[in-house]
Structures are given as C-alpha cells and as structure tokens.
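This report goes through the helix packing, the nonpolar cores and a few individual residues of one protein model. The sequence and structure come first.

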Amino acid sequence: MPFFMADSYTGPMTSTASTQTDEHQWLEDIDGAEQLEWARQHNAKTVQRYAQSPGFERMKQGILEVLDSEARIPMVRKIGPLFYNFWRDKKNPKGLWRRTTLAEYRKPQPDWETVLDLDVLAEADKENWVWHGADCLQPGYKRCLISLSRGGADANVVREFDLELKEFVASGFTLPEAKSNVAWKDIDHLYVATDFGPGSMTSSSYPRIVKEWKRGTPLASAATVYEGGEDDMTVSAWRDNTPGFERDFVSRQMDFYDSETWLRAGDGRLVKIDVPDDASTEVMREWMLVEPRSPWTVGSATYPPGSLLATRFDDYMAGQREITVLFEPDDTTALDDYSWTRHHLILNVMHDVVNRLEVLTPQAGSQPWKRESLGGAPELSTIAAGGIDEDENDDYFLTVSGFLQPTTLYIGTIGRGEPEPLKDSPAFFDASGYRVSQHFATSKDGTRVPYFEIAPKNLQANGRNPTLQYAYGGFEISLQPSYSGAIGRAWLERGGVYVVANIRGGGEYGPRWHQAALQRDRLRTCEDFAAVSEHLIARNITSPRHLGAMGGSNGGLLMGNMLTLYPQLYGAIVSEVALLDMKRYTHLSAGASWIAEYGDPDDPEEWAWIQAFSPYENAKKGQPYPPALFTTSTRDDRVGPVHARKMHAKLAAMGYDSSFYENMEGGHSAATDNKEAAFMDALGYAYLWEHIGRTSA
C-alpha cells in the first residue's frame, strides 16, 4: 500500500515533538538484539493464539493456491520486440524474469524463455533477493539496470544486465544498497542520485544530489548535475530517448506534492518548465501534459484542479501559452489515469468510482483534439487500458475486472474495431451466490461518501453478518472494484460481507477529494469511515459486535484512529504496516517525506491538530477498545516496524487485548514471496473471524 518511497533515517532527537518521556522509545532501535527478541516473543504469542489451528492452515493454503496458481494471467511489458513478465509460483518462490513473442503470448500456454532466475541468483549470492524491476535502455533495449532488494526493503542494489547474453555485465555499472534514483543517459552514462556519503541525503532519507556517471570511472568522480536541499524530499534526472525527441530532465521534489522540473541542455544549463509547483507534468514527443492540483490561471483562463491540459512542449518553452483542455472534472467525475499510444491518448475517467475510457487524437494546427469512446466498464467494475508501445504503434492492452469478476485481458488497436480477448484469469471461488452494490453514507459534515458492498444474494439484514470494512484514505489513491481470490476464499465463502469505503483523502473524486482531508482536516478520513460503519449498522447489515476494520500503511494509521476515536463501532481492528506515532513520525524511517500529507509535529502550531489523529498519543486507559492486531516488517524501511511495536507495547501495558506480528523480512509489503504473503493475509482474516464471527462473544 502506498507511501511510495522510503528509508530508516532516525533524524535528530532534539525536536519539540521528542522532549517528553516515551517509555517505549527503546523499541525504535530497529535491528537491536533486545528489540528483535522482544518482537519474536510477541510473534510467538500471536502465532500460538491465531495461527496454529487446522482452520488457519486451510485458509493459508487456500490463499497460497491463488497466489501460486499457474492459471493466473501473466501480465507483460513490451521491451524491444519481446514481451517480458516477472512470475512467482510454487516452483519459483522468488521469481523468474522471462520473455516471449506476441505470437507465443497469444497461446493458452506460451513458450517462455527465462532471462533471470531469482531463486538461482539468491542461492548463488546467499541473499534473500526481492525483484524491484528493470530499467532498459531505449531504443536498442540491449542493456538494463536491474534493481534487487535485500529482504524487500525499499533500498536496492543496482546491477547492469545484458539482455542478449542474459547475464550481468562484468565490470558494468553497479550501485551498492541505497535508496537510489538511477536512469540511463546513454550506453556509457548514467544519471545517478544515491547515497554519496555524509550530507548527500535529505531528511526524508532520499538522495539530494544527482550526478552524471561515466562508464569505467569511479562513482566518486561523477560530475554533479544538480544539488537539492536537506529539507527537500529527493532529486533525480533522466533522459527521454524517444527517437527524434531526445531530451534530458532534472527534477527537484520538495515534498510529496510539490516539485520543480528543468530541461537540461547539452552544455548542462537548466531551463525551468514554468508550471505550478503542485502540478504534475509529462512530456511525450511534441506534447506536454499538465495536471494542476490547484486552480491555475494562464492569461485570461483559469484551469481547475484535476484537469488535464495539453500544450506543444517546444512552443511552451519558447514562451507561447496555447493550452488545450483534454479533461475537466466535475463533482462526481475525476481523471484516474492516461496512457499514450503512437498517435493517440487514452483517458481513464471515473464517475462515482466506476470507469469509462476515451480516446483523444491531436489534430493538425490548432484544431481541437478528436474525442471518441473506447468503452465503459460493466456495472460496478473496473476497466483500464494502456498503450503497449508508444513509439511504434497504436496497440493497447485492456483489462476488465470486478469484485466478483475475474480479470480478462484484451488486446486491440485503436481505429481497428473492438479489442479481442487474450487471457482470462480463473475464478478462485464461486461468485454466483454473491452480489455487488454501491451505497452512499453521509459524513459528519454532510459529505456524500460512496462505498462498495459485496455480500451474499440471500443476505439477511439481521445485524449478525460478519463484515470486514476496508479503506485507505490518503495520498490521492483510489480504491476501485477489483477481483481478489484471497478475499473470496478467506472471507466471502465463509459467510462474510466485504466493504470498501471510498473515503476522503483518496483520489476517487480527484484532488479535491484528497485535499479535503489533508493535514488539519485529517480527521475527515475517520469521520467518513465511521459514517460508512454507521450506515452499515443502520441498514442492519451488521452490528459493532460483528464489524471489523482493516487497513494498511496510511490505512493502518486510519485503523489506529478508529481504535482510539470510534471504539464503540467495531468488534476488532487489524492495522498493517502502519504509521501510528504521529509525534515522532518525521524522525522515523521515511516519515519526513510525508509532512505535506500530515503536517509537521515539530511545529507547535501544527502539532496542536496533528495530535488529534495520533493513535499512539491518544491511547488511554479505561476505554472500550476492541481487540486489535498490529502487523509489520523488520525490513520495512518506509514506515518501519517502530510504530506497530510501540503501539502494541503501550496498549498491552494498559491491559488491552492487543496482538502483534513482525515479519523479519518483507519490506513495506510485509512479505518477500507468496508463502509469506499468504501467511500474513491469513493471519489478519483469522484474527477477524476469531473476534467478529457469528459465534464470537
């Protein structure tokens, strides 16, 4: 779950937010022997209570069968003439990077060529490698930079790889473990932002210096391209190698939502792209697309937040301001995503969290872009499309998925009729007895909050249905209908109701939906989630005794707040890889990078309202808190295990029914392979069934 970037920076201990005594602060030593032993002891208690029954083992194996299924769709990415896929299953727990042709991929059982076997590599290197992707040099695609993580952390080791020989390049580009931003400039040069030593990282634990590194020279001799400030989030540089449109760019990310981007000339001179700091931009061939996150006035026109604007890049850099509106949001509609093909732009638009697709085509001169429909999703489902190779053709992949509808993959070409079915994901549970419905709750301030409910068709509104309510509510991330065999097997088939709440803080209605719950307004996420819970209870779908809440990462913070602020609504809560100590969060792992989302607790004025949504600070004795499970990972260098450790320790010391599990590997996903993922998922579901099942007290 997002927070995106991260690390294990602990920062200075002299802030306003750290002046008071914290008896559990000793747990902040992530890799300390005493602290790890504490974690193992609490793990053992949780496993003994929730993960040693025959029912747990059946649930775990059912989820693992889904994750390891060879019938899953092997989603691919085109690199050069071939299609690449990273695949994990029972035989290959760490995974295979493999490739095939489009003709083979069309077959029910393609013939795959293994490019890199991560299990073999991990055994040879004696490392628990986790795949973090490959960046391949355009246009030849003969060399790649492969990122490998030890145990799932965000920090990577980067190695140069030869795609033709299928082996790492001897004496090639190699970067040691760090939170690096690295990109090809050409075959002999990289743009590298990494840990260059003391003073080279930001307070958010990311690189603040980007350099140009020449092949065959020491990294220490690389020439500085740009240097950001210690209080920035990070910096990076890259080259767009689109044939005929080769350009170099440098970016300074000041915080999670504000950045500056420059065009880098051949002599190293930087020319700033003059757009608002909170706008996101993309340059593709002759076009630049701009998405403002606040009203943007250019000349006599003002463009609303969440719109998508197009302008010719070279003309814009020369001072012209001819801008075309490609999308403009309204109260119920937002732009979810877009993707280029060679001659077209595909827009994915959400109306009340349900998708439709449009194709836009630029016209000659100043003519308006041509607009056509590419189809809409089936009722209460998700449809998404993306170009396959924006340099070569107008082919696209399209997926359709729903809570009860396994994913179908289509392939098509814009302008050549309907897409054709290519692959079908298997059904991992019998969905015929269930139905999906969308409802709207009214939050404390009168805001209409949508939520999806997946339940048996013969559901009885008797207040006794075990109901799992899930949400995220941050960083402008949307939760849309999607198929999950694990939820089907572990929750629905056992008689549960599953609910996804589209609360503010997310992106379901664009920037306004997100910004409505930023910083001092953060409690709106909790109010929205509580409103959905109250609506479920009022409809007699469930009752507090049978209502459980679950969320991860930022959603785990939400769960901590539902525990301390709305305990009367829930029978149990599961908080995964969560941020919980909002007083210390900017000094833990990558916390400083999220000040734009939550605020700065070292500022007394801001701490006055941050404190209201700090679960660790607000936990008190004598409250009607429901049982709560906190899960985390030692190798999570994004949020870190500290939050969950301290929250559990504090609640347990107060006498509450609190449980804890810390996977010693896994990073922010809390799992390095399918087996670990199945265990972590099953643990959360087993915990909820124990506490909110129909027979629970």
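## Helix H2 against H14

The axes of H2 and H14 approach within 8 Å and cross at roughly 135 degrees; axes are lines fitted to C-alpha atoms, for helices over the stretch in contact, with angles running from 0 to 180 degrees between N-to-C directions. H2 is therefore oblique to H14, given that angles under 35 degrees count as roughly parallel, over 145 as roughly antiparallel, 65 to 115 as roughly perpendicular and the rest as oblique. The crossing of H2 past H14 is right-handed. A crossing is left-handed if the near helix is turned anticlockwise from the far one by less than a right angle, and right-handed if clockwise. Helices (H or I, at least four residues) and strands (E, at least two) are DSSP runs, numbered from the N terminus.

On the H2 side, the contact is made by Phe 56, Met 59, Lys 60, Ile 63, Leu 64, Leu 67 and Asp 68. Their partners in H14 include Ala 678, Ala 682, Tyr 685 and Trp 689. Contact means heavy atoms within 4.5 Å. By type, the residues of the contact of H2 with H14 are 13 nonpolar, 1 polar and 4 charged, where Ala, Val, Leu, Ile, Met, Phe, Trp, Tyr, Cys and Pro count as nonpolar, Asp, Glu, Lys and Arg as charged, and the others, Gly among them, as polar.

## Basis of the model

The model is predicted: local features need pLDDT of at least 70, side-chain atom pairs count only at pLDDT 80 or more, and totals for chains, interfaces and linings use all residues. Residues are numbered from 1 along each chain as its sequence is written, and side-chain values use heavy atoms, with hydrogens and water left out.

Thr 46, Val 47, Arg 49 and Tyr 50 of H1 meet Phe 679, Leu 683, Ala 686, Tyr 687, Glu 690 and His 691 of H14. This contact of H1 with H14 divides into 6 nonpolar, 2 polar and 2 charged residues.

For H6 and H14, the axes come within 10 Å and cross at roughly 25 degrees. H6 is therefore roughly parallel to H14, and H6 passes H14 in a right-handed crossing. Ile 487, Ala 490 and Trp 491 in H6 meet Tyr 685, Leu 688, Trp 689 and Ile 692 in H14. The contact of H6 with H14 has 7 nonpolar residues, no polar and no charged.

Because 7 of the 8 residues of helix H6 (residues 485-492) are buried, H6 is largely enclosed by the rest of the structure. Buried means under 20% relative accessible area, exposed over 50%, partly exposed in between (1.4 Å probe, protein chains only). The buried residues are Gly 485, Ala 486, Ile 487, Gly 488, Ala 490, Trp 491 and Leu 492. Their cover includes helix H2 (54-68), strand S32 (434-442), strand S33 (448-456), strand S34 (467-470), strand S35 (497-501) and H14.

## Nonpolar cores

The largest nonpolar core has 80 residues, and Trp 491, Tyr 498, Trp 594, Tyr 598 and Tyr 685 have the most contacts inside it. Helix H14 (residues 674-692) supplies the largest share of this core, 11 residues. A second, separate core of 43 residues includes Ala 501, Ala 530, Leu 547 and Tyr 625. A nonpolar core is a set of buried Ala, Val, Leu, Ile, Met, Phe, Trp, Tyr and Cys residues joined through side-chain atoms within 4.5 Å.

Beyond its neighbours within four places in sequence, Trp 491 contacts residues including Pro 466, Leu 468, Tyr 498, Tyr 685 and Trp 689.

## Backbone features

A cis peptide bond joins Gln 138 and Pro 139, with omega about 5 degrees. Pro 139 lies in the loop between strand S5 (129-136) and strand S6 (143-150).

Phe 475 is not a glycine but has a positive phi of about 55 degrees. Phe 475 sits in the loop between S34 and H6 and is buried at 4% relative accessibility. Gln 519, also not a glycine, has a positive phi of about 45 degrees. Gln 519 is in the loop between helix H7 (511-515) and helix H8 (523-538), and at 25% relative accessibility Gln 519 counts as partly exposed.
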